[in-house]
Amino acid sequence: MTLLPLSKPQGDDTATTMTETTDEPRRGGIGLPLRLDSVTRSFGSLKVLKGVTLDIPRGQFVAIVGRSGGGKTTILRLVAGLDLPTSGSVVIGGEVVCGLQPSVRLLFQDARLLPWQTVIGNVGVARGKDWKETARAALEDVGLAGRENDWPAVLSGGQRQRVALARALVSRPGVLLLDEPFGALDALTRLEMHKLTERLWQENRFTTILITHDVAEAVALADRVLVLREGHIALDIPIDLPRPRREHIDPKSAEIKARILKEV
Amino acid sequence: MRQGFLSRVGTSLAPWALPVLLVVAWEIACNAGIVSQRVLPAPSQVAAAFWAAIWDGTLFEHVGISAQRALQGLMIGGGAGFFLGVLCGVLRPAEVLIDSSLQMLRNVPHLAMIPLVIIWFGIDEEAKVFLVAIGVMFPMYLNTYHGIRTVDKGLIEMAKVYGLGPFALFRRVILPGAMSSVMVGLRYALGIMWLTLIVAETISASSGIGYMTMNAREFLQTDVVVLGILIYALLGKLADVLTRALERRLLSWHPAYQVKGRTA
């Protein structure tokens, strides 16, 4: 199931000749490449980020792990445009950006649904053209078809995050930022959300940054895991395990986890 | 089953038992001569006065003119309070400029202005409308301002990330978020509205319920005086019922106002 048909016909390959994802078996992704150029961020005398340089190719799923106060959320807020770097620059899709971007969407720890809007009103919160149809399609995509007219108050924690995910998807983001969105969910719901996120990412190929303190979650979902410690990237490790990943099958995953945990 | 029906009727009638008992006791006490008619007329006499006032049309005339003053004052003062509350809640410079002055004025009892108001407007309609307007303005201002200030910052941040412009942000996030507080302000304002009107009409008026009762006092028509008091009580109750209905409609998303078994 795909979220929305691309306006481009399938046979048109002239536009994709320049992209680096030539081995991409699915339709051309809409993900944007992302770069941080020696980014620092200080709050008063406190240096939270001390020169972070990072290159994320389009469509990559990156997880950032680290202790609280390590600067994870600060990185996310800088990319989202909710905060500006003290020095250095954020480059999205080849352009230095400053402030909020329509191509970047953020999923918060709490779903942050408007309690006075129905589910569909929340998904289509930015309104825009044909928002009802787009929102309905997105809700179907996250498995909440038929719940359009419910109030957020009657939804469970997992359903609320699904609505938030649908809200992020309707604008077809180039970059999706996930700020520990599964942290407050119970273990089973969390696994469901992992599967859903992975599927939506595979279908839509947005560049994804997941902030988490759960190393297992990072290894289960990401192409690449970064460990952020005291404002530096302490470890940058690719996870080339086959998908879908099952925790107990691959002994390599335990080895990777041990390596990451040592650095956190 | 029959038992269940009877007990249900009993429960719904129970709150009326005490008032009914009181009225019956009052009637008996008056008829037996325990209470002098000059102190308190019998309920039957009040009912007769009510009937007579309906038949000669004076009641509707007085109630009509009082309601008109009340509503005009509420519209002007409530509107101004709401507008100033929104202004100070949304714009920081407006808050700096206006808030402390309003807080100072708020502590002046508005009824203390009656002598000044009579000098300014005489005893015309404007005087009463002005007093009501001044009285209702402050509760509306304070509650609107407070409501806007306490809107969840996370929701505002979400709305910005999801591309809502300033107008949409106000219309879909800030205003609904402040609405329950605005309604509290409205209910306070309604109480002050009747109180102010009673005082203003009692002091200087040639029509209205307050005038009706003061006029009746001149002729020792205690039944009309009691009737006037009862009508104030009824109008107050009516205003409260209307506000509750408005609340239920505007806050239908709120779990506290949701009818059981209905979700939208």
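How many bridges join strand S1 of chain A to strand S4 of chain A? I looked this up in a predicted model and found five, between residues 34–43 (S1) and residues 87–92 (S4), with the two strands running antiparallel.

Next I looked at the whole sheet. It is open, with four strands of chain A in the order S2-S1-S4-S5 and antiparallel pairing. I marked S2 (46–56) and S5 (95–97) of chain A as the edges; each has a single partner strand, so one side of each has no neighbour in the sheet. Neighbouring strands are turned by 30° against each other on average, direction ignored.

For chain A the domain assignment lists domain 1 as 24–103 + 173–263 and domain 2 as 120–172. I read 24 Å between their C-alpha centres. In contact are 17 residues of domain 1 and 11 residues of domain 2 of chain A.

How much area do the two domains of chain A bury between them? I found about 1,200 Å², of which 64% is on carbon and sulfur atoms. On the domain 1 side, A:Pro173, A:Met193 and A:Leu200 lose the most area, together 34% of what that side buries.

A:Glu192 and A:Arg162 form a salt bridge, their closest N and O atoms 3.2 Å apart. Helix H5 of chain A (residues 187–204) gives the most to the domain 1 side that touches domain 2, with nine residues.

Terms used
Residues numbered from 1 in each chain as written. Chains lettered and ligands numbered in written order. Predicted model: local features only at pLDDT ≥ 70, side-chain atom pairs only at ≥ 80, totals over all residues. Heavy atoms only, no water. Pairing = 2+ DSSP bridges. Axes fitted to C-alpha atoms, helices over the stretch in contact; angles between N-to-C directions. Domains from an automatic or database assignment. Contact = heavy atoms within 4.5 Å. Buried area = accessible area lost by both parts, 1.4 Å probe. Salt bridge = Lys/Arg side-chain N within 4 Å of Asp/Glu carboxyl O.
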